[in-house]
Amino acid sequence: MLAENELLQHPGFTSAAELTALPALRVVQPDGQANEELLSRVSDEELIAMYQQMLRVRLFDRKCIALQRQGKMGTYAPFEGQEAAQVASAVCLANKDWMFPTYRDHAAAMTRGLPMQTVYRYWMGQMDGFSVPDELNILPPCVPIATHLLHGVGAAWAARLRDEDTVSFCYFGDGATSEGDFHEALNFAGVFHLPVVFFCQNNGFAISVPFARQSASPTIAKRASAYGMDGIRVDGNDAVAVYLACQTAIHKARNGGGPTLIEAVTQRFGAHTTADDPTRYRDQAAMNEEWRRERDAVQRLRLLLTSKGLWDDNREEQWIAKVGNELVNAWEEAVAKPFSEPIEMFDHVYSKMPAHLEEQKKLLAGGGLA
Ligand SMILES: Cc1ncc(C[n+]2csc(CCOP(=O)(O)OP(=O)(O)O)c2C)c(N)n1
C-alpha cells in the first residue's frame, strides 16, 4: 500500500519529463485542500463536470451490482474507488482519439459518451452492448489481460503512417504489467516513438494477487525508463492530478513527443467481479473503511468544490435525483430491446470463420448443442 509520505505536492511543472521525477503527483489533499497554482490550470466548470460524472458513474456502478444480485445481469466488474482515474483521464481525450478500455473501464467509456444503455446491454451479454456511436473511437472492452496494449500501439503506428494526429489511450491494471504483451507494446512504442499513452490503474490487486507479489519494482511508472519514455506516477484518487498528468501526456503524444506510461495509484472498493469474494484474500472491511475515510476520490472532489462554493447539499440532491431517473430510464430501454440469439456469438470475430467454428455453428443451428 502506498505510504502517505510517498505522495508529494509539487509546486509546478511544464513537461512530462518533469512529472517523471516525482514520487507521485497530488494536487488535492484528502481534506480538499489544494495546491492553488496547479489547481488554477483547471476551470471551475471542468471541476464541476468531472465531479458530476464521477458521482453519476458511481451510482451506475452500484445499480449494476444490485441488478446482478437480482439475477437481471450477468457477472459484473465494479469500479467503485477508481472514478477519478477513469473520469479525469477520459475527459482529456478528443473524439478522434482511440480508447482501448478493459472490462473495468466502462466509467471511462461512459465519460466519453458511450450511452448508459449500451453498457447495461454489454453486461447483460447482448451483442449491441459492443456497439459504439460512429463519432467515437472506442474499442470494445478487452477481457484478455494486456492484449489490447498491442492493438493500441498498432493504431498509433497506423496514425503515424496516415499522418493523423490521433492518440491511442490504453487502460489496464497492475496485473497487466506482468504480461509479455505489456513489454512488447511499450518496447515497440518506445522504439518508434509512437503517440500512445499507457494508463495503468494500479488498484493494488490482480484479483487476489497483491501488488507486492506482482512486481519487484516498487512502482510501475519507474519501468518507463527502460523503454525510453516518461513515466508519471499520480495519485489516482485525485481527479485534478489525473487530469493534469493525462493532459500533459496526450498533448505530448499528439505533438510528436512520443509515448508516456502513467501509473494512477488507486483502489477498488469492492470485489474483482461479482463472482469474486474479496474476504478470501484481504481484510475487506478494514481496508474499505480506511479507503472510504481517507482515499475516496468522490468525497475528495466534493470537499474541494464545497470549499470553493461550487457545490452544496442542494445541488448534490438534485444531481442524484437526475441521475436516478437516468439509471431507471436507461435500464427500462435496455430490457425492452430484443435479446441476442446464442448463434450470434459466432459473428464479428473472424472475417473468414475457421472450419471448427463453422462446424460448431452448424451444430448449434441444428439444435445439436442444446
Ligand atoms: C491473458 C489473461 N490471463 C488471465 C486472465 C484472467 N484474469 C481476469 S482479470 C485478471 C486480473 C487482472 O488484474 P489487473 O490487470 O490488475 O486489472 P484489474 O482487474 O485489477 O482491473 C486475470 C488474471 C485473463 N482475463 N487474461
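A residue is called buried when its relative accessible area is under 20%, exposed when over 50%, and partly exposed in between (1.4 Å probe, protein chains only). Phe182, at 1% relative accessibility, is therefore buried. The model is predicted, so local features need pLDDT of at least 70 and side-chain atom pairs count only at pLDDT 80 or more, while totals for chains, interfaces and linings use all residues. Residues are numbered from 1 along each chain as its sequence is written, and side-chain values use heavy atoms, leaving out hydrogens and water.

**Aromatic pairs**
- Rings of Phe, Tyr and Trp (its six-membered ring) pair if their centres lie within 6.5 Å; planes under 30 degrees apart are stacked, over 60 edge-to-face, and the rest tilted.
- The whole structure holds 16 aromatic pairs.
- Phe172 and Phe182 make a tilted pair, with 5.8 Å between centres and 55 degrees between planes.
- Because Phe172 is in strand β4 (residues 168-173) and Phe182 in helix α8 (residues 180-192), this pair ties together parts 10 residues apart in sequence; helices (H or I, at least four residues) and strands (E, at least two) are DSSP runs numbered from the N terminus.
- Phe172 is buried too, at 2% relative accessibility.

**A stacked pair**
- Phe269 and Trp291 are stacked, because their ring centres are 6.4 Å apart and their planes at 20 degrees.
- Phe269 sits in the loop between β9 (260-265) and α11 (284-294), and Trp291 in helix α11, 22 residues apart.
- Phe269 is buried at 1% relative accessibility, and Trp291 is buried at 4%.

**Cluster and charge**
- One aromatic cluster consists of Tyr76, Tyr122, Trp123 and Phe130.
- Arg282 lies over the face of Phe205, 5.0 Å from the ring centre; this requires NZ of Lys or CZ of Arg within 6 Å of the ring centre and within 35 degrees of the ring normal.
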